[in-house]
Every structure is written in structure tokens, then in C-alpha cells.
Amino acid sequence: MLNAVQALDRLREGNRRFYVNEPTSPFDSTLVRREQLLSGQEPFAVILGCSDSRVPAELVFDQGFGDLFVIRVAGNIVAPSQVGSVEFAASRFGTRLVVVMGHSHCGAVIATLEELQGRANTHFWNLRSIVKRVRPSVETVFAARGAGDPELLLRDAVRANVRASANQLRSGSELLEHLIHEDGLVVVGAEYSLETGVVEFFDGVPDAS
Ligand SMILES: [Zn+2]
């Protein structure tokens, strides 16, 4: 199993292939590869990303079958089932890198900002349960910045939401805390740009040593 720094390098290399438009992942998605995986899996990274159809984790990191353990939920929020999924991958497969990945133009963050500005149409309780989880971090950004420049507000809100989810994973589970302190598990925050295809890792990134 790759350690966190090695896993991060592999994601960065894959994302680079993706954004310069030279992906290679079909070579990792062959019938032979699928057959190899019948006996088990060793995903080298966990990605907690948004359900947005424009942000498929395997494609933006140019990875194939068996490479990534992906959890997708609108707004890349952390609820108990997301924590449990990360615990499962980290303890069962020994995966040592967890990436919380938000993205530009995130609809869940936009819906939360609309609610804060009194323009919400999130009347459905289950959808509100997502907005409720996004809201605290976005609210802090909104309070500090005010409506101001809507693009900057959204950018900061997306990043605040990523940081909040990453912190929840770091401190919301005894098992994950133990693995972080004793066994090299690393949780990083990242943002995918719909405009450029680049994933920027901006929170909790370990030194290369
Ligand atoms: Zn989104």
C-alpha cells in the first residue's frame, strides 16, 4: 500500500494527465484488470467528493478499476455514513490518504448561500439536511465577507466547506484519530476547477519527505 505522500503524488500525476488531455486510465480498466480484482482490492486513496456529474473522481485523477475508494454525496458533506465509509476503507484495505474534494460552481454550496441570503427554495426536508451540514462553515464566510463579490464569496464558501468536512473526518472518529496519530493516515482538502480541470490540494497537505 502506498503511504499518504506517495498516494498524493499519484493523484497529482493522474490529474495532470487529465487536465493536459492525455489520460491513460483505459489501460487500467481492461477485462484482465477486472479479473485481477475479483480476489480483492487495495485502493490507494479515499475520495470524498460531490455527486455533481461534472466531477467524476476516477476521471479527473485518471485512475482505473480498483484504484480509488470513492464516496460521493452532494456538497461533499460528512454525516455518519461517510465517516463509516472512510473507517471501512482505512481499516479494511489500509488506505492511508483521504481527500475531501469540493469543486467550483457547487450547487449544494450555492443553495446554502441562497438560504443565508433569504433566497432559498430548499423546502424538502431531506435536501435541507445537506444544506444544514454545509451551512455552519459557509455562514462564517458569509458573516466575514457579506454578499460582496458573489464569485469570491462562492469560492471561499466552497473551500470553507471542504475544510469543515476534512476537520470532521480528522476529529469525528476514534478510529480515524488513532490511524492519523499512530499509523500515517492523512486527510487533505482539495478543490476541483470545472474551468481548468485542475485539482488544487490546499488543506492539510503533508511535506514531501
Ligand atoms: Zn457540488
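Select α7 (150–171) to begin, since this helix gives the most to the lining of the largest pocket, with six residues; helices here are DSSP runs of H or I with at least four residues, strands are runs of E with at least two, and both are numbered from the N terminus. The model is predicted, so local features need pLDDT of at least 70 and side-chain atom pairs count only at pLDDT 80 or more, while totals for chains, interfaces and linings use all residues. Residues are numbered from 1 along each chain as its sequence is written, and side-chain values use heavy atoms, without hydrogens and water.

The pocket has a volume of about 330 Å³, and by class its lining has six nonpolar, four polar and six charged residues. Of the 16 lining residues, show Ser 104, Glu 151, Arg 155, Glu 191 and Glu 195, the closest to the pocket centre.

Then turn to the zinc ion, and select Cys 50 (SG), His 103 (NE2) and Cys 106 (SG), its protein donors, which lie 2.0 to 2.3 Å from it; donors are N, O and S atoms within 2.8 Å of the metal (3.2 Å for Na, K and Ca), and the site may look incomplete because water is not among the atoms. Along the chain the donors follow the spacing C-x52-H-x2-C.

Cys 50 sits in the loop between β1 (45–49) and α3 (57–60), and Cys 106 in the loop between β3 (97–103) and α5 (107–116), 56 residues apart. Cys 50 counts as buried because its relative accessibility is 6%, and Cys 106 counts as buried at 1%, where buried means under 20% relative accessible area, exposed over 50% and partly exposed in between (1.4 Å probe, protein chains only).

Technical notes:
1 Å grid on protein atoms, 1.4 Å probe; cavity = no way out; pocket = protein on both sides within 12 Å on 5 of 7 lines; lining within 4 Å. Points joined across faces, edges and corners; volume = space filled by probe spheres on them. Nonpolar A, V, L, I, M, F, W, Y, C, P; charged D, E, K, R; others polar.
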